[in-house]
Amino acid sequence: MFETIETFQTQVACDGGGGPLGHPRVYLHIDPKQDNRVTCPYCSRTYVLGHPHLGHAA
Ligand SMILES: [Zn+2]
C-alpha cells in the first residue's frame, strides 16, 4: 500500500504529502550505485530513480 514515486534527481525532499502520513520535510539521497531507490523512514514512500535519458530525444 506504500507509494512508489519516480524521480529524476538523486536528492528528493519528502514531507509525506500532508495528511495522516505527513511529517517534517526530510531530504533523501538515492545512490545510483545501490539499487536506485530510497525509502523514506517516516512514511515508507519509496522513491525510485528514473531514467532521464529515456523518453527524451536529444
Ligand atoms: Zn516521507
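The following legends describe close-up views of a predicted model of a protein chain.

Residue numbers start from 1 along each chain as its sequence is written. Because the model is predicted, local features need pLDDT of at least 70 and side-chain atom pairs count only at pLDDT 80 or more, whereas totals for chains, interfaces and linings use all residues.

**View 1. Overall make-up of the protein chain.** The protein chain holds zero helices and five strands, and its pattern along the sequence reads β-β-β-β-β. Helices (H or I, at least four residues) and strands (E, at least two) are DSSP runs, numbered from the N terminus. Of the 58 residues, 7% are buried. A residue is termed buried if 20 or more other C-beta atoms lie within 10 Å of its own, exposed if 12 or fewer, and partly exposed in between, with C-beta atoms placed from the backbone. Among contacts between residues at least 6 apart in sequence, 35% join residues at least 24 apart; two residues are in contact if their C-beta atoms, placed from the backbone, lie within 7 Å.

**View 2. The open sheet of β1, β5 and β4.** Three strands form this open sheet in the order β1-β5-β4, with mixed pairing. The edge strands, β1 (4-7) and β4 (37-39), each pair on one side only. On average, neighbouring strands of the sheet are turned by 20° against each other, direction ignored. Here axes are lines fitted to C-alpha atoms, for helices over the stretch in contact, and angles run from 0 to 180 degrees between N-to-C directions. Two strands pair if DSSP finds at least two bridges between them. In general, strands of a sheet pair through backbone hydrogen bonds, either parallel or antiparallel.

**View 3. The parallel pairing of β1 with β5.** Strands β1 and β5 run parallel and are joined by four bridges. Within this pairing, Ile-5 has Tyr-47 in β5 as its bridge partner.

View 4. Strand β5 (residues 46-49) is joined to β4 by three bridges, and the two strands run antiparallel. Arg-37 stands opposite Val-48 in β5, and Thr-39 has Thr-46 in β5 as its bridge partner. The hairpin of β4 and β5 has six residues between the strands, and Ser-44 in this hairpin takes a positive phi near 65°. Ser-44 is a residue other than glycine and is placed in the loop between β4 and β5. Ser-44 counts as exposed because it has 12 C-beta neighbours inside 10 Å.

View 5. Asn-36 lies in the loop between β3 (26-29) and β4. The phi of Asn-36 is near 65°, a positive value in a residue other than glycine. Asn-36 counts as partly exposed because it has 14 C-beta neighbours inside 10 Å.

View 6. Tyr-27 lies in strand β3. With 8 C-beta neighbours inside 10 Å, Tyr-27 counts as exposed. Leaving aside neighbours within four places in sequence, Tyr-27 is in contact with Gln-11 and Ala-13. The C-alpha atoms of Tyr-27 and Cys-40 are 8.9 Å apart in space, while these two residues are 13 residues apart in sequence.
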